[in-house]
Amino acid sequence: MRRCGRLRVLVATALLVLGGCGLESGGAVPLRVGPGSIQPVPELDGVTITVGSKDFTEQNILGYLIEFAMTAAGANVRDLTNIQGSNSLRDAQLHGQIDVAYDYTGTGWINYLGNETPVPSELGQFEAVRDADRAAHGMVWTALAPMNNTYALVTSSRVAEETGVRTLSDYARLIDADPAAAATCVGTEFNVRQDGYPGMARKYGIDVGKVRKQIMQDALVYQATADADQCRFGSVAATDGRIPALNLVLLQDDLAFFPKYNASLVLRADFHEAHPRIAEIMAPISALLTNEVITGLNSQVDVDGREPAEVARDWLVAEGFVTAE
């Protein structure tokens, strides 16, 4: 799969590596769209909108959904998708290098705002981060999507059948009884984040000294868990398309530890107030982004090998938001 070249921009004092596939600059997938239900908006005609995303499949798809929608509305889109890491995307938005992006409510509440305890309900978590981030940093969270890309643990269907493990409480009991049978692969961030393994272990009473844990890149966890050789359980993002493709089983978070990570459109308040139609245009798109929908879109990239821009464009066309040109 062909990927884009890298741009470098200075954000505050940090040099961030950005990897956008510009819609107008001849990137990897130079696609064009025309109006569908999204019609040209006079207020956005000729307005330059810089769109960002983080550096994984789902985020790239979400970034391109914004870009194609804004293009159909008549804006000039600048593509800065594929930024490496949540904090880099956040810094780019705070310092005005990026105007709009999708981010996750749990990330905002815990990573950006420094809270330790998540809000239990999806709407409650959204409202909490929306209100706090607007007051503290002048950031607007809007156009909430039903998709919840929370952390989760998975196992193969075979291991689930053999062990009877279906919940995280079952997993904790297996570690206590037979640590080798619960060998676990975890991504590097999940291994250290308080909304990852350390916090989960505290919530479920897991003795971390007993855990047979292997740390690896997130992308490698899925196949390793499906193979069930190196590890029999693994940390994942709940909406990843490889979960159904590899016949992995999500363990139920029966004590409701993991925060809600619903996707939401995020803009600086001054930019939102200058261009309120952006949120209005994106709201009906967000409303259709269920876990089932985004998992299917992710699968088209990670399993079928398609480009994120093509997947985003074709979905918007199929839903009638834009037309292909």
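Contact here means heavy atoms within 4.5 Å. Helices (H or I, at least four residues) are DSSP runs, numbered from the N terminus. This is a predicted model, in which local features need pLDDT of at least 70 and side-chain atom pairs count only at pLDDT 80 or more, while totals for chains, interfaces and linings use all residues. Residues are numbered from 1 along each chain as its sequence is written, and side-chain values use heavy atoms, with hydrogens and water left out.

- Two packed helices are described by the angle between their axes and the distance between the axes.
- Axes are lines fitted to C-alpha atoms, for helices over the stretch in contact, and angles run from 0 to 180 degrees between N-to-C directions.
- On one side of this contact, Leu65, Ile66, Ala69 and Met70 belong to H1, and they meet Ile278, Ile281, Met282 and Ile285 of H12.
- That contact of H1 with H12 holds 8 nonpolar, no polar and no charged residues (Ala, Val, Leu, Ile, Met, Phe, Trp, Tyr, Cys and Pro count as nonpolar, Asp, Glu, Lys and Arg as charged, and the others, Gly among them, as polar).
- H1 packs against helix H12 (residues 277-287) at an angle of about 125 degrees, and their axes are 10 Å apart.
- H1 is therefore oblique to H12 (angles under 35 degrees count as roughly parallel, over 145 as roughly antiparallel, 65 to 115 as roughly perpendicular and the rest as oblique).
- Helix H1 (residues 57-72) also packs against helix H14 (residues 308-318), at about 55 degrees and with the axes 8 Å apart.
- This angle makes H1 oblique to H14.
- Residues of H1 in this contact include Tyr64 and Phe68, and those of H14 include Arg313 and Trp315.
- The contact of H1 with H14 divides into 11 nonpolar, 1 polar and 1 charged residues.

**Helices H6 and H8**

- The axes of helix H6 (residues 168-177) and H8 come within 10 Å and cross at roughly 85 degrees.
- H6 and H8 are therefore roughly perpendicular to each other.
- From H6, Leu168, Ser169, Tyr171, Ala172 and Ile175 meet Tyr197, Met200 and Tyr204 from H8.
- By class, the residues of this contact are 7 nonpolar, 1 polar and no charged.

**The second largest pocket**

- A pocket is an open set of points on a 1 Å grid over the protein atoms alone, where a 1.4 Å probe fits, with protein on both sides within 12 Å along at least five of seven lines; lining residues have an atom within 4 Å of a point.
- The second largest pocket holds about 350 Å³ of space.
- Its lining has 16 residues, and Ile110, Glu116, Thr117, Gln194 and Asp195 are the closest to its centre.
- H8 gives the largest share of the lining, 3 residues.

Definitions and conventions: Helix = DSSP H or I, 4+ residues; strand = E, 2+ residues; numbered from the N terminus. Points joined across faces, edges and corners; volume = space filled by probe spheres on them.
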